[in-house]
Amino acid sequence: MMTREEALYRFALRMGDNALVLSHRLSQWCGHGPVLEEDMAQTNIALDLIGQARNYLTYAGELEGKGRDEDDLAYLRTDREYTNVQLVELPNGDYAFTIARSFLFDAFHLPLLKAMASGKDERLKAIAEKAVKEVTYHLRHSSEWLVRFGDGTDESHRRAQAALDELWRFTGELFEADEAEQALAKDGTIPALADLRKEWNATVDRVLGEATLKRPDDGHMAHGGKRGVHTEHLGHMLAEMQVLQRAHPGAEW
Amino acid sequence: MPDSQHEKRFQERIDAEQKVEPRDWMPDDYRKMLVRQISQHAHSEVVGMLPEGNWITRAPSLHRKTILLAKVQDEAGHGLYLYSAAETLGISREEMIDQLLEGRAKYSSIFNYPTLTWADMGAIGWLVDGAAIINQVMLTRTSYGPYSRAMVRICKEESFHQRQGYQILMTLSKGTPEQKAMAQDALDRWWWPALMMFGPSDKDSVHSVQSMKWKIKRQGNDELRQTFIDRTVPQAEFIGLKVPDPDLKWNEKTQHYDFGKIDWEEFRNVIKGNGPCNRERLAARRKAHEDGAWVRAAALAHAEKQAKKKAA
Ligand SMILES: [Fe+2]
Ligand SMILES: [Fe+2]
């Protein structure tokens, strides 16, 4: 059996990894967005997420008690030690893919945070309370764009539908609780992930309906990110992200 | 009223330090000069996102990554304010962007240099934003109201950028031998291009005289450059970096630094399009614009459908 400390550590790490990896992906749009306002919006979201990631990783380091700080955890773990869901690590693709990826995650992230904000762990509560406001905006942003794409032109509709179809198999993992998440759900620190599906379904159906996009069928679902088995993309992302820390061990920046 | 009367009154208002506002009468050439300058300035902010954007995914700590992201985002915001200021003169953002992408509009040549190491993030903040501030502080007093007000907002953020850049180099210069070398190398590469940011010497500058008369510009290029050098050299010394100019020395008599010859041949060459990254920068902007075309079309189509629904 896992101790509560250990379960909290693993969960904080997971939340930090999800936020950090998605933030990194979104930050890749900075300077390359379809319109300047969107460079700014995606950068805003990336900034919110990196802020959340830093809170979680700092907390994880404290729970672990081995003196690792946010940067040790972000820059000196391998991809096999990252435990984010695969959905957030997928490369940006076109703007419809980026928006759809964000939407599917945001629609899960927001109810999770809301439930955490009334959970039992003070630190997680405090992080979640602040994050709820931010992620409310993220979900609004991704929903509005998905509707624009679904409703806009034939091309945007086609691209948005293709993105959803491609991304769908990465959504199952969001609701699969690992040992740590099961333990924390039992004592009311976090919600049972399976229970979030209802609200996620409702959000997805509402927005896809408005966007006149078709909800893909649940087929085979990809998973493994939570135990450090990722797509091939994460290794490349981390190689780039970690290059200076790896090349100059122990240096201060 | 005949134009000559208008023009006389216009100059009187300028001389009396009254701001010109969008609806006021203004000489055609004043409008043209401003459109050129403000759009060039806006393009510089936007193209300027690219060299620093190059290091966002490699920033060496979460703290530095946060600061860099926020900085590049600020530059996008500056681009937006400036495009809006130019639009008050009767040109649209689309027109300006087309001019940039077709190579008909300029942007600051400094952004045609490559960012090769992390220390370049320090050098850009410290030197490039530092030089920009000196120019922009002057422009807070420019005669055109919307431009002047945009500058007031922008200057506040630029001084953050400058401090954060200096911070990066200060940290590196206290770091490992490799980090120190990285910092010095960045200063060696960015120093002269930063001095060129103020433009050619006043005696060789075509637009300066009229621009000063209309108080678009308030100080000459040489004076601004000297202010920058006088301010920056002690900052370099303070963190133990050596300015790459053997002729640089303090002059007791003038109370300024004397400095070596600027290679204006290089400057002209970069402006002509032959800098190390001119092609890459424009190609990146074109790609973003072209890849984004369907996104903008979708947003427009959706908005039109919504408007129709509302009207029905
Ligand atoms: Fe700026
Ligand atoms: Fe700046």
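Predicted model: local features only at pLDDT ≥ 70, side-chain atom pairs only at ≥ 80, totals over all residues.

Colleague: Which residues are the protein donors of the iron ion (ligand 1)?

Modeller: Along the sequence, the donor residues of this ion follow the spacing E-x29-E-x2-H-x79-E. Their donor atoms lie 2.0 to 2.2 Å from the iron ion (ligand 1). With OE atoms from the glutamates and ND1 from the histidine, the protein donors are B:E45, B:E75, B:H78 and B:E158.

Colleague: What is the arrangement of the four donor atoms around the iron ion (ligand 1)?

Modeller: For four donors to count as tetrahedral, all angles must lie between 85 and 135 degrees. Around the iron ion (ligand 1), the four donor atoms subtend angles of 83 to 145°, and the arrangement is therefore irregular.

Colleague: Which residues are the protein donors of the iron ion (ligand 2), and what is the arrangement of the four donor atoms around it?

Modeller: The protein donors of the iron ion (ligand 2) are B:E75 (OE), B:D129 (OD), B:E158 (OE) and B:H161 (ND1), at 1.9 to 2.3 Å from the ion. Along the chain, these donors are spaced E-x53-D-x28-E-x2-H. Because the angles subtended by the four donor atoms run from 90 to 157°, the arrangement around the iron ion (ligand 2) is irregular.

Colleague: How many residues apart are B:E75 and B:E158?

Modeller: B:E75 is placed in helix α4 (residues 62–87) of chain B, whereas B:E158 is placed in helix α7 (residues 145–173) of chain B. The pair thus links distant parts of the chain, and the separation is 83 residues.

Colleague: What kind of aromatic pair do A:Y95 and A:W145 form?

Modeller: The search of the whole structure finds 19 aromatic pairs over all chains. In the pair of A:Y95 and A:W145, the ring centres are 6.1 Å apart and the planes are at 90°, which makes the pair edge-to-face. A:Y95 in helix α5 (residues 95–116) and A:W145 in helix α6 (residues 122–151), both of chain A, are 50 residues apart, so that the pair links distant parts of the chain. Both residues are buried, and the class of the pair is edge-to-face.

Colleague: What kind of pair do the rings of A:W168 and A:W200 form?

Modeller: A:W168 lies in the loop between α7 (154–167) and α8 (179–186) of chain A and A:W200 in helix α9 (residues 197–210) of chain A, so the pair ties together parts that are 32 residues apart in sequence. A:W168 and A:W200 are both buried. Since the ring centres are 5.5 Å apart and the planes are at 40°, the pair is tilted.

Colleague: What is the volume of the largest cavity?

Modeller: The count comes to five cavities of 30 Å³ or more. Lining the largest cavity are residues including B:E52, B:R64, B:W118, B:H161 and B:I168, with α4, α6 (119–139) and α7 of chain B each supplying at least two residues. By class, this lining has five nonpolar, four polar and three charged residues, and the volume of the largest cavity is about 80 Å³.

Colleague: Which helix gives the most to the lining of the second largest pocket?

Modeller: This pocket, with a volume of about 440 Å³, is lined by 21 residues, and A:P34, A:V35, B:R93, B:I97 and B:R296 lie nearest its centre. At least two lining residues each come from α2 (36–64) of chain A and from α5 (93–101), α12 (278–291) and α13 (293–311) of chain B. The lining comprises twelve nonpolar, two polar and seven charged residues. With six residues, the element that gives the most is α5(B).

How values were computed. Residues numbered from 1 in each chain as written. Chains lettered and ligands numbered in written order. Heavy atoms only, no water. Donors = N, O, S within 2.8 Å, 3.2 Å for Na, K, Ca; no water. Tetrahedral: all angles 85-135°; square planar, octahedral: opposite > 155°, others 65-115°. Helix = DSSP H or I, 4+ residues; strand = E, 2+ residues; numbered from the N terminus. 1 Å grid on protein atoms, 1.4 Å probe; cavity = no way out; pocket = protein on both sides within 12 Å on 5 of 7 lines; lining within 4 Å. Points joined across faces, edges and corners; volume = space filled by probe spheres on them. Nonpolar A, V, L, I, M, F, W, Y, C, P; charged D, E, K, R; others polar. Phe/Tyr/Trp six-rings, centres within 6.5 Å; stacked < 30°, edge-to-face > 60°. Buried < 20%, exposed > 50% of the residue type's maximum accessible area, 1.4 Å probe, protein only.
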